[in-house]
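Please open the model in your viewer and keep the selection tool at hand.

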Amino acid sequence: MISLLGISKEELKDIVLNEFYEKSCRVTQILKWLYEKKEFEIDKFTDLPKKFRETLQQKFKIFTLDLVSKEKSNIDGTTKYSFKTYDGYNFSAVYIPKLSRNVVCLSTQIGCSIKCIFCNSGRVDFVRNLDCCEITEQLLRIAKDVGKIDSVLFMGMGEPLLNYENLIKSIKIFLYPEGLSMSKRKITVSTVGVVPNIYKLAEENLGIKLAISLHSYDDNKRKKFVKNLKFSIKDILEAGIFYAKRTKTKLTIEYVLIKDENDKEEDVLGLIRLLKKLSKDISIFKINIIPYNFIEGIEFFSPTEERINNFKKILINNGFLAFIRKPHGSDIKAACGQIGF
Ligand code: SF4
């Protein structure tokens with residue numbers, strides 16, 4: 001039995017018309033029940049004929065994940081939802097309540113083949129991609145629990161651009177006007193730099209935002225942090241700049257700042273030089289400085305506050321838009337880089 005949450009509008013229309021011989025308006029009705037009203041019992045889709053509901057129930061289920069645990073941070077209310085898949089694997093999604101908006105951080109894979117050295121997900125061997133229904137279900141389960149979700153970050157476990165088809169399908173579902181009706185600018189895909197798929201994503205014309213996890217201006221240094229990626233920093237940034245120009249969005253540069261590793265003045269000056277060389281218009285960049293979040297067993301530390309602020313100050317003095325990202329849910333291991341099994 002397959003999940004309704006992994007079915008696109010076009011696929012659903014085809015099934016409704018050609019398999020069930022029902023009217024096409026049923027498609028909108030189903031999408032509204034699932035994504036707008038967040039009703040997950042097909043029997044309660046009360047504006048559908050009873051017979052049709054029964055047929056739907058025979059063919060489809062809605063959820064495929066078990067919610068194993070829900071941990072809420074005492075610091076800031078960030079909540080980590082841990083799920084178990086039908087084949088027995090665990091992964092998490094995170095809800096981050098902000099003053100003006102509700103944000104979720106979703107996972108796209110079980111484990112991660114890239115194995116970034118500062119990331120807990122990278123310590124989990126890659127098992128498989130999450131299906132579209134498993135990606136969509138994370139969002140819906142959290143939305144049912146906390147209310148409307150305003151922003152989605154694909155920054156959980158896994159490299160989203162290595163699960164391209166399921167990622168794109170789920171994003172399209174999030175954008176359906178009959179459903180969640182999310183704003184395209186409120187969806188951000190974060191990548192370490194899968195170059196061909198950055199170009200492919202630009203051609204999708206979805207208008208979502210892209211973030212590149214960079215962490216260094218120097219290829220040799222970066223190889224120490226980001227293990228299994230063959231693309232150079234220059235190729236990655238050129239692809240990111242192409243994406244930003246094509247979609248008229250800012251390119252976010254994520255920079256995990258690690259004490260004595262990539263936090264020195266020469267690091268920030270190298271970054272500035274590189275970005276200025278690759279784009280005359282530096283207003284397309286937004287730089288997020290992420291002080292390293294502690295992970296047990298990893299010999300890295302966060303820099304002093306003074307060094308973090310100095311890193312930001314140098315960027316700003318050179319005309320860049322730069323922010324220091326506050327950790328969310330570090331007491332429940334839900335902050336950036338901390339999500340593991
Ligand atoms: S940072 Fe992203 S790409 Fe790197 S190991 Fe973690 S999940 Fe994978």
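Begin by colouring domain 1 (2-61) and domain 2 (66-332), the two parts into which the protein chain is divided; the bounds come from an automatic or database domain assignment. This is a predicted model, in which local features need pLDDT of at least 70 and side-chain atom pairs count only at pLDDT 80 or more, while totals for chains, interfaces and linings use all residues. Residues are numbered from 1 along each chain as its sequence is written, and side-chain values use heavy atoms, with hydrogens and water left out.

The C-alpha centres of the two domains are 33 Å apart. Between them, domain 1 and domain 2 bury about 1,400 Å², 68% of it on carbon and sulfur atoms; buried area is the accessible area (1.4 Å probe) that two parts lose on being put together, summed over both. On the domain 1 side, select L5, Y35 and K38, which lose the most area to domain 2 and together make up 44% of what that side buries.

Next, select F174. Not counting residues up to four places away in sequence, F174 touches L106, V152 and F154, among others (contact: heavy atoms within 4.5 Å).

Then move to N120, in the loop between strand 7 (109-110) and strand 8 (128-129); strands are DSSP runs (E, at least two residues), numbered from the N terminus. N120 counts as buried because its relative accessibility is 15%, where buried means under 20% relative accessible area, exposed over 50% and partly exposed in between (1.4 Å probe, protein chains only).

Finally, select the ligand. The residues surrounding it include C112, K115, S121 and V192, where near means a heavy atom within 4 Å.

Terms used. Helices (H or I, at least four residues) and strands (E, at least two) are DSSP runs, numbered from the N terminus.
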